[in-house]
Amino acid sequence: MQDYQKEFAEMLAESGALFFASGLKLKDGRPTPYFVNMGLFRTGRLSSVIGAYMARMLVSRELIQGIDVLIGPSYKGSALAVATAQALWLNHNLDLLFDYDRKEAKTHGEATGRKNIFVTNALHPGARVFIVDDVGTSMGTKYELIEKLKAESDSRGLDLTITGVGLAVDREQTTAVLDSRGGIIEGVKGEDAIGRFMSDTGVGVHSLVGIRGVVRYLAEKGTPVNINGVRRPLDAETAESFEKYIETYGVNER
């Protein structure tokens with residue numbers, strides 16, 4: 001891991017955004033021994049730090065040249081889009097537009113006479129759009145946002161281009177496997193979720209860190225992490241449960 005990735009891993013532990021607990025489930029219903037809640041980056045310092053990391057990734061990987069508007073899906077992605085835009089200005093002298101979506105379309109005020117699903121009205125003809133979000137698991141939120149962007153582009157004749165997705169944390173997760181009734185089949189590995197997303201959409205995905213690197217670094221260093229409500233270094237049992245989970249539901253190391 002690079003130094004900035006180690007720093008970010010430490011902040012995930014410090015903030016409690018990364019935690020381990022018994023009985024956790026993902027949105028799709030699968031069990032998981034850990035969770036990442038970037039909503040806990042809820043102070044000015046933490047918000048500025050995650051924005052700075054994301055901005056540096058966009059600049060250092062030369063992604064910034066293809067971006068006119070940063071979009072963050074509601075709700076956690078919204079704060080990340082703002083923080084990233086601020087960091088691009090303060091640290092790199094780059095002034096980009098940002099926007100985020102509503103859960104329900106606005107029809108009054110500046111949106112009178114039409115449904116307005118995006119808040120800042122930053123989208124404009126020919127805009128190159130880059131999506132930023134906290135975590136990549138099934139990528140469902142990103143699929144939904146792309147559909148909203150396509151609908152907005154078509155209805156307003158904007159000819160938008162989605163140039164990429166930036167994630168704070170890649171869970172390095174496979175998709176859920178369902179039975180004939182749509183129920184979860186536990187213990188079965190599906191497809192690479194991000195790989196399928198890129199194949200389906202043609203949109204590249206970039207992440208600050210992968211969860212394997214984060215957990216293994218924190219375990220090696222002995223950094224205290226929230227485990228069942230107690231901050232302590234990762235013990236052998238917790239580390240083993242993580243590795244077993246990754247073996248069952250994780251993708252091949254990228």
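## Pockets, a buried aspartate and aromatic pairs

Helix 7 (residues 236-249) provides seven residues to the lining of the second largest pocket, which is the largest share of that lining. The structure described here is a predicted model. The second largest pocket holds about 310 Å³ of space, and among the 19 residues that line it, Ala21, Ser22, Thr32, Pro33 and Ser241 lie nearest its centre. By class, this lining is made up of eight nonpolar, seven polar and four charged residues.

The largest pocket holds about 660 Å³ of space. Its lining consists of 26 residues, with Lys27, Asp134, Val135, Thr141 and Lys142 lying nearest the centre. Two or more lining residues come from each of strand 2 (34-36), helix 3 (76-92), strand 4, strand 6 (128-136) and helix 4 (140-156), and the largest share, six residues, belongs to helix 4. The lining of the largest pocket divides into eight nonpolar, six polar and twelve charged residues.

Aspartate 101 sits in strand 4 (residues 97-106). Is aspartate 101 buried or exposed? With a relative accessibility of 4%, aspartate 101 counts as buried, because the cut-off for that class is under 20%. The side chain of aspartate 101 makes a polar contact, at 2.7 Å, with the side chain of lysine 148. When neighbours within four places in sequence are left aside, aspartate 101 is in contact with Gly72, Pro73, Ser74, Ile117, Phe118, Leu145 and Lys148.

Because tyrosine 34 lies in strand 2 and phenylalanine 242 in helix 7, their pair ties together parts that are 208 residues apart in sequence. Both tyrosine 34 and phenylalanine 242 are buried, and these two residues also belong to a cluster in which ring pairs link Phe20, Tyr34, Phe242, Tyr245 and Tyr249.

Tyrosine 143 is partly exposed, its relative accessible area being 24%, whereas phenylalanine 197, at 0% relative accessibility, counts as buried.

Note on methods. Residues numbered from 1 in each chain as written. Predicted model: local features only at pLDDT ≥ 70, side-chain atom pairs only at ≥ 80, totals over all residues. Heavy atoms only, no water. Helix = DSSP H or I, 4+ residues; strand = E, 2+ residues; numbered from the N terminus. Buried < 20%, exposed > 50% of the residue type's maximum accessible area, 1.4 Å probe, protein only. Polar contact = N/O pair within 3.5 Å; in protein donor to acceptor, adjacent residues only side chain to side chain. Contact = heavy atoms within 4.5 Å. 1 Å grid on protein atoms, 1.4 Å probe; cavity = no way out; pocket = protein on both sides within 12 Å on 5 of 7 lines; lining within 4 Å. Points joined across faces, edges and corners; volume = space filled by probe spheres on them. Nonpolar A, V, L, I, M, F, W, Y, C, P; charged D, E, K, R; others polar. Phe/Tyr/Trp six-rings, centres within 6.5 Å; stacked < 30°, edge-to-face > 60°.
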